[in-house]
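This report describes a protein model, going from its surface and overall form to two of its residues. The sequence and structure come next, followed by the description.

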Amino acid sequence: MIRIYADFHKARPSPWDPALEAVPLVCLGTLRDLCRLGVRLSEGLVCIVSMDSDEREDIAYQGVARFDRASGRWWVEYDAKTLSYLPREAPPAVGLVCWSCGAVVGDRPAWTPDEKCDSCDALLEAPWAPPR
């Protein structure tokens, strides 16, 4: 199961099921993790979302990726009962890498939606692009 960064300060009750929570996947750390893992978000993808808790461990939840067409954003919907604390992962040694070929593409906060990798021509924001 993949583990990606999410900022739980942005979490709110899920718009799909009010008994659950949801966190938007909008941070550079999320995109960095998706690119490093070579993963594109898809509806129903089961994953672990985590955020710094202290210098040794991260707070984490297991959830499911959902796309909200109204906001145009991906969210992970999770049950608060899945709370766990996981060992902190080491930060990546390089900036952002292309999700498709692994080439280093820099450490920019964002790209234009149509910007492509110089090495393989893949769309750089494809990991969190809306579902087709």
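The accessible surface of the protein, which is a predicted model, comes to about 7,300 Å², and carbon and sulfur atoms account for 52% of that surface. Of its 132 residues, 40% count as buried.

The secondary structure consists of one helix and nine strands, and from the N terminus on the elements follow the order β-β-β-α-β-β-β-β-β-β. The radius of gyration is 15 Å, close to the 14 Å that the globule rule gives for 132 residues, so the protein is as compact as a globular protein of that length. The C-alpha trace spans about 45 × 35 × 20 Å along its principal axes.

Which residues does the side chain of Arg3 meet in polar contacts? Arg3 is found in strand S1, which covers residues 2–5, and its side chain makes a polar contact with the side chain of Ser50 at 3.2 Å and another with the side chain of Asp58 at 2.7 Å. These two contacts are set out below.

| Side chain | Partner side chain | Polar contact distance |
|---|---|---|
| Arg3 | Ser50 | 3.2 Å |
| Arg3 | Asp58 | 2.7 Å |

Is Arg3 buried or exposed? Arg3 has a relative accessible area of 13%, and because buried means under 20% relative accessible area, Arg3 counts as buried. Leaving aside residues up to four places away in sequence, Arg3 touches Ser50 and Asp58 and also Asp33, Arg36, Leu37, Ile48, Leu86, Pro87, Arg88 and Glu89.

A second residue of interest for its backbone is Asp121, which has a positive phi of about 70 degrees although it is not a glycine. Most residues other than glycine have a negative phi. Asp121 lies in the segment after strand S9, the strand that covers residues 104–106. The relative accessibility of Asp121 is 48%, and Asp121 therefore counts as partly exposed, whereas Arg3, at 13%, is buried.

Methods:
Residues are numbered from 1 along each chain as its sequence is written. This is a predicted model: local features need pLDDT of at least 70, side-chain atom pairs count only at pLDDT 80 or more; totals for chains, interfaces and linings use all residues. Side-chain values use heavy atoms; hydrogens and water are left out. Helices (H or I, at least four residues) and strands (E, at least two) are DSSP runs, numbered from the N terminus. The radius of gyration is taken over C-alpha atoms; the globule rule is 2.2 Å times the number of residues to the power 0.38. Buried means under 20% relative accessible area, exposed over 50%, partly exposed in between (1.4 Å probe, protein chains only). Accessible areas come from the Shrake-Rupley method with a 1.4 Å probe; for residues, only the protein chains shown count as cover. A polar contact is a pair of N or O atoms within 3.5 Å; within protein, one must be able to donate a hydrogen and the other to accept it, and residues adjacent in sequence count only if both atoms are side-chain atoms. Contact means heavy atoms within 4.5 Å.
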